[in-house]
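Keep the model open while you read.

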Amino acid sequence: MYKLSVTMTTLQTESVAEYILVEYRWVVVILALLPMSLLWKIWSTFRNYVVFKLNSAPKMHDRKVKQVQKQIKDWLSGGRKTKLCTARPTWQTMSFRQSLYKKSFTNIKVNLVDVLEVDVDNMTVRCEPLVTMGQLSRTLEPLGLALAVVPELDQLTVGGLVMGTGVETSSHVHGLFQHICLRYELVLADGSVVTCSKDENPDLYYAVPWSYGTLGFLTSVVIKVVPAKKYIRLEYHPYTKLSDLADRFRKESLDDKPHQFIEALLYTKDSGVVMLGDMVDEIGTDGKLNEIGKWYSEWFFVQVQRHLKKHQENVRKTVVEYIPLRDYYHRHTKSLFWELQDIVPFGNNVLFRYLFGWLMPPEVSLLKLTQPQAVADLYERAHVIQDMLVPVQHLDKAILKFHEEFEVYPIWLCPFKVFNNPGQLKIKSGDWQMFVDIGVYGVPKAKGFETVPSTRRIESFVSSHDGFQMLYADTYTTREEFRAMFDHTLYDSLRDQLPYCKDAFPEIYGKINRNVRK
Ligand SMILES: Cc1cc2nc3c(=O)[nH]c(=O)nc-3n(C[C@H](O)[C@H](O)[C@H](O)COP(=O)(O)OP(=O)(O)OC[C@H]3O[C@@H](n4cnc5c(N)ncnc54)[C@H](O)[C@@H]3O)c2cc1C
Ligand SMILES: NC(=O)C1=CN([C@@H]2O[C@H](COP(=O)(O)OP(=O)(O)OC[C@H]3O[C@@H](n4cnc5c(N)ncnc54)[C@H](OP(=O)(O)O)[C@@H]3O)[C@@H](O)[C@H]2O)C=CC1
Ligand SMILES: CC(C)=CCC[C@@H](C)[C@H]1CC[C@@]2(C)C3=C(CC[C@]12C)[C@@]1(C)CC[C@H](O)C(C)(C)[C@@H]1CC3
């Protein structure tokens, strides 16, 4: 058996073939995927612009919803032989694996890709489920608006974020993506169209988030927007002791008048940077403009690490920068957090950035489409991608546990509120509780790491500390453990009540467990 440990960040490979596939994946990426990604981006940007300008989408919407209804009626009249899922090809999604059920279920085309209406008086935007975050921030910015929570990878869709979940650095104020969604329109398994909100069909409204398309097909969503300003004034606060960093992170998240954006990156168990941001219209005298979205700009997480190093060398402590709004929202997009360094190891090299930086990142969908099975197996064996959501008081303990089991850095920390609403996420008491998303993406260095047992120990830690797991990545929980992590009371009762729901859709676990994901 070969053990070729290549660059520092690269995966440990077990055969020469694997070594070549992994180590030279960048050849395919640069020669084929980057040009293809560019063509795709040009086409979809142009089309979205034209549709929105001509304002033709709202008229089309009802027709497109009728097409969804028709497909369901055909399924009903055909004897309900299989279960249903969306026809969105699994390689196009941001979920880590390919979903095997897409092959055996009836695929319902829900090709709804338009921003329908921006209502400036009520500060809402109505959009269809395939609208992406990049598309939305591009549409809203010229109007001086932004979503209250902008999950930052450009390709994430409204539908996926509602049916799964979305979190970002303003979530300590506004909550998760579901908490800024005011109304859903769905086509149910009996072919009917329903809308739901806090006041209209509230049970359905509260059960839809985290239901993974197992209650109905989403056809539009009304989402809350907030006034936007031109820049984010971002303070970087480096720390070299975990307890100090965690205390600051908690204090800032729980503050009565918190900063608008809070995030931290950990580079080792004991060191990291807490970042506090606020929207401003002018660049102040206390910091410089940093256009991190420019094509030649260095990867954001590398820039942040430099602030930590300067602090460790006693050169400086807190630094302030002004970052253009969209650059900030999509700050981890160009490097796919730090995942791209395993695929294009020289992606942050200065020459590469000046020559090809404007093409980055390759589309995740194209990366998924061209991923050889050997690479998928390797990611299963020697790579961790997990977002664990735990109450913020357990932050220090959780980091130590993650260090023991995974030892992967950087770690992404993002605080968010969970409101005490009905539904799958239950909190112990009060109107809300502050959580932290601990995002771990990379090659584990912990001695004795083994994917299934190590991840299962983390899952059980999270569950026993009243936390949750994000489900776009792999879960190794059993059905019983999964049902203990997420409250199914409201969800189960709705599935009993909604006509044909159980015929049409499996329960959530049936769509996210490891057996149905390759
Ligand atoms: C013309 C077109 C534009 C697209 N624009 C975007 C975009 O702006 N943003 C994005 O993220 N993805 C866009 N896509 C991607 C598209 O939404 C996905 O490829 C879709 O999920 C494909 O599903 P399918 O293969 O089941 O359907 P397909 O077989 O690709 O499509 C089924 C039918 O729906 C029509 N259709 C599909 N998408 C659109 C659309 N956007 N507008 C009008 N008709 C459409 C097709 O022309 C076809 O008649 C676009 C695709 C097409 C064909
Ligand atoms: N910052 C963040 O918050 C991040 C979030 N994520 C995660 O990525 C995922 C989103 O990725 P994305 O590619 O947008 O979504 P996906 O296509 O992966 O969809 C996720 C789930 O939502 C269901 N779904 C999507 N659209 C509809 C619809 N119109 N009607 C019914 N069900 C629907 C899908 O059902 P089906 O299987 O039938 O297609 C699937 O089960 C989420 O799970 C999110 O948590 C990932 C990275 C960052
Ligand atoms: C809640 C938050 C902020 C989550 C961030 C999640 C990202 C780090 C995830 C989302 C999609 C994701 C799973 C992905 C991958 C890495 C981690 C990503 C970018 C990669 C690119 C790793 C390499 C793989 O071969 C493959 C191309 C399949 C995936 C695609 C999706």
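Which of the 19 residues around ligand 3 come nearest? They are Arg25, Phe337, Gln371, Asp387 and Tyr472. Bear in mind that this is a predicted model.

Take Gln371 from that list. A polar atom of the Gln371 side chain sits 2.4 Å from an oxygen atom of ligand 3. Now look at the cover. On its own, ligand 3 exposes 650 Å². The protein buries 96% of that area.

The shell around ligand 3 draws on several elements. Helix H13 (364–369), strand E14 (384–391) and strand E16 (432–442) each supply at least two residues. H13 gives the most, with three residues. By class, the shell around ligand 3 holds 13 nonpolar residues, one polar residue and five charged residues.

Move on to ligand 2. There are 27 residues around ligand 2. Nearest come Thr86, Met94, Tyr101, Thr157 and Thr165.

Next, the polar pairs at ligand 2. Met94 uses its backbone: a polar backbone atom of Met94 is 2.7 Å from an oxygen atom of ligand 2. Arg88 uses its side chain, where an N or O atom lies 2.9 Å from an oxygen atom of ligand 2. Lys511 also brings in a polar side-chain atom, 2.9 Å from an oxygen atom of ligand 2.

Strand E1 (84–86), helix H4 (101–104), helix H6 (158–163) and strand E8 (217–227) give two or more residues to the shell around ligand 2. H6 gives the most, with three residues. The residues of this shell split into 13 nonpolar, eleven polar and three charged.

Finally, turn to a helix pair. How far apart are the axes of helix H15 (residues 395–405) and helix H16 (residues 451–464)? The axes are 10 Å apart, and the helices pack at an angle of about 170°. Angles over 145 degrees count as roughly antiparallel, so H15 and H16 are roughly antiparallel to each other.

Which residues make the contact between H15 and H16? From H15 come Lys397, Ala398, Lys401, Phe402 and Glu405. They meet Ser454, Arg457, Ile458 and Phe461 in H16. By class, this contact has four nonpolar residues, one polar residue and four charged residues.

How values were computed: Residues numbered from 1 in each chain as written. Chains lettered and ligands numbered in written order. Predicted model: local features only at pLDDT ≥ 70, side-chain atom pairs only at ≥ 80, totals over all residues. Heavy atoms only, no water. Axes fitted to C-alpha atoms, helices over the stretch in contact; angles between N-to-C directions. Helix = DSSP H or I, 4+ residues; strand = E, 2+ residues; numbered from the N terminus. Parallel < 35°, antiparallel > 145°, perpendicular 65-115°, else oblique. Contact = heavy atoms within 4.5 Å. Nonpolar A, V, L, I, M, F, W, Y, C, P; charged D, E, K, R; others polar. Near = heavy atom within 4 Å. Polar contact = N/O pair within 3.5 Å; in protein donor to acceptor, adjacent residues only side chain to side chain. Areas by Shrake-Rupley, 256 points an atom, 1.4 Å probe, with all protein chains shown as cover.
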